[in-house]
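Colleague: I am new to this structure and would like to go through it step by step. Could you show it to me before we start?

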Amino acid sequence: MTPAELSAFLLAAVGRVIARLEAQAEPLAELTVVDLALDRPKNRDHGDWASNIALKLAKKLGTNPRELAAVFAEEFSLIEGVASVDVAGPGFINLTLDAAAAGALAKTIVELGAEYGRGDLYAGVTINLEFVSANPTGPIHIGGVRWAAVGDSLARIFTAEGGIVTREYYFNDHGAQIDKFARSLLASFHGEPAPEDGYGGQYISDIADRVVDEHAGDLALLNRDDAQELFRARGVDLMFTDIKASLHDFGVDFDVYFHENSLHESNAVAHAIARLRELGHMYEAEGATWLRTTDFGDDRDRVVIKSDGEAAYIAADLAYYLNKRERGFERNLIMLGADHHGYVARLMAMVSAFGDTPRYHLEILIGQMVNLLRDGQPMRMSKRAGTVVTMEDLVDAVGVDAARYALVRSSSDSQLDVDLDQLGKRTNDNPVFYVQYAHARTRSVAINAAASGVDRSVFDASLLTHDSESVLLGVLAELPRVVRQAAELREPHRIARYCEELAGAYHRWYDNCRVTPLGDEEVSDLHRTRLWLNDATGTVLRNGLGLLGVSAPDRM
RNA sequence: GCGCCCGUAGCUCAGCGGAUAGAGCAAUUGACUACGGAUCAAUAGGCCGGGGGUUCAAAUCCCUCCGGGCGCACCA
């Protein structure tokens, strides 16, 4: 029995009880699965599942929690597959399933395979996920890498919930940052130090050299301005190619690389401004053109066209947002570093100005900073000096799986400390190996089972009676709920934590319950049924790791 | 000054208003002539930053103070 099936039965039972009680009390609103608050108790003595619905409803029904719980419990005990029901503490209802009902899940999971864990939370909804979006003025820094891991995982999770997801990279190939980049390349070409506010380091001279290799003849003929222009165009292009390749090596491939420049070159910016003007939210003052964001909760109005006639940065954002909406995206998410959180209010105001709904049509996820440590000491980074730790450095140090897992396993709301030395030398410091090992073990057990003549020709769930088996089944049952919650809260780290819990439950089961017969013991239905459970665990670990973009190896 | 995030075991971090607050690492002690010891079992380690409040029930929600990070442009 899956949790969804159990919930449906319980909800129906609750409905019957309430129908009887409502004769003497106020009618209640329609109840849902959420009201049931079905939970897997931490303490095994409290059964397989627990509900606190009696505590929640007692007051509304004009009765006390324990009495109400007793009534529910009686009704619950009639459900097929429920072995026992107890009322505990202030009014918790603890349920224990019989082994056959609980164990049936193992077969269900094996049969569903990659489908198990998927849901329909965002069925058919078009979702645009914009992340990384690092300027093409240098390699992706560590904060961007966090978003690469988290954003890609979130994309996988939304997809698992039925969403039609586009991964999008906003490429800031316009404006002053790019000019600095071009001047930095030119400075390197002339053997000059990096400009005061520019970029330095090995990658600048590398890029400059590559441009020189391609265009040595041309450069000799160009004046300084034209040479800078050539460095700008080619340098951005080369940087862009490098960034794409790094992301690909990291397992992240974007569907759309959107160039900011295209918004300026087309009439997209003018189009967006015209629309906002029609809606009456633009005004002229002090020689500039403003968007009245204070009408929508921002603390000051924002300049869209500067008094020198140039578009301010937000102009492109207006155009970009409108463009996404016109491309048909219902939900748009942008992932930004904490150093950009001051931008949220004005973007939300913009959404309102367009007549859309903030936090629905546009959501901004803020990720806190990542501190890189080496031997416990923070690593100081400077773009000008070129001392940045890149995605490649991180991957070289620990590998793609370990890097992605370390970045995705914590809430994005928390600042994260990543110690390169620690991650690099002691592999056990990263729980990804614990999870991957559990998966490899399921494969190894399956191979041994086959060699011993154990197959899946028989499945008798009533034989799965060991305590470690009911714990394992309980954890397996939770994947769909964890995926849904990770999607709703935009928190991929819940998947990682779940995988760790599952791996632990599996290792403990492995220690207690053999799949292959020992010595000259006969192959029994218990062995065969346990093979189903083993394979079901392998499936769930693979599905879970897949949502994180981490491999599930057969051997390690 | 205003805004956002954080403060939980020695360290890095989980914890959907519920029962005895958890995991990994680090420490101590056990378990392989049994499906992989990258594992398991056990011990130790906590005024959940402080103080109020809401609730049958608060690490979780609200207020306040303290501490840390990051922001508050006609920069991008």
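Colleague: Into which domains is chain A divided?

Modeller: This is a predicted model, and the division comes from an automatic or database domain assignment. Chain A is divided into domain 1 (3–97), domain 2 (131–264 + 368–426) and domain 3 (431–548).

Colleague: How much area do domain 2 and domain 3 bury between them?

Modeller: The centres of domain 2 and domain 3, taken over C-alpha atoms, are separated by 39 Å, and 16 residues of domain 2 are in contact with 21 residues of domain 3. The size of an interface is often given as the accessible area lost when the parts come together. Of the area buried here, 63% lies on carbon and sulfur atoms, and the total is about 1,700 Å².

Colleague: Which residue forms a salt bridge with Glu-500?

Modeller: Between domain 2 and domain 3 the count is one salt bridge, alongside nine residue pairs in polar contact. In the salt bridge formed by Glu-500, the closest N and O atoms are 2.8 Å apart, and the partner is Arg-409.

Colleague: Why do the buried residues of α11 line one face of the helix?

Modeller: The buried residues of helix α11 (residues 268–278) are Ala-268, Val-269, Ala-272, Ile-273 and Leu-276. They line one face of the helix because, seen down the axis of α11, they fall within an arc of 135 degrees.

How values were computed: Residues are numbered from 1 along each chain as its sequence is written. Chains are lettered from A and ligands numbered from 1 in the order in which they are written. This is a predicted model: local features need pLDDT of at least 70, side-chain atom pairs count only at pLDDT 80 or more; totals for chains, interfaces and linings use all residues. Side-chain values use heavy atoms; hydrogens and water are left out. Buried means under 20% relative accessible area, exposed over 50%, partly exposed in between (1.4 Å probe, protein chains only). Helices (H or I, at least four residues) and strands (E, at least two) are DSSP runs, numbered from the N terminus. The arc is that of the directions from the helix axis to the C-beta atoms. Contact means heavy atoms within 4.5 Å. Buried area is the accessible area (1.4 Å probe) that two parts lose on being put together, summed over both. A salt bridge is a side-chain nitrogen of Lys or Arg within 4 Å of a carboxyl oxygen of Asp or Glu. A polar contact is a pair of N or O atoms within 3.5 Å; within protein, one must be able to donate a hydrogen and the other to accept it, and residues adjacent in sequence count only if both atoms are side-chain atoms.
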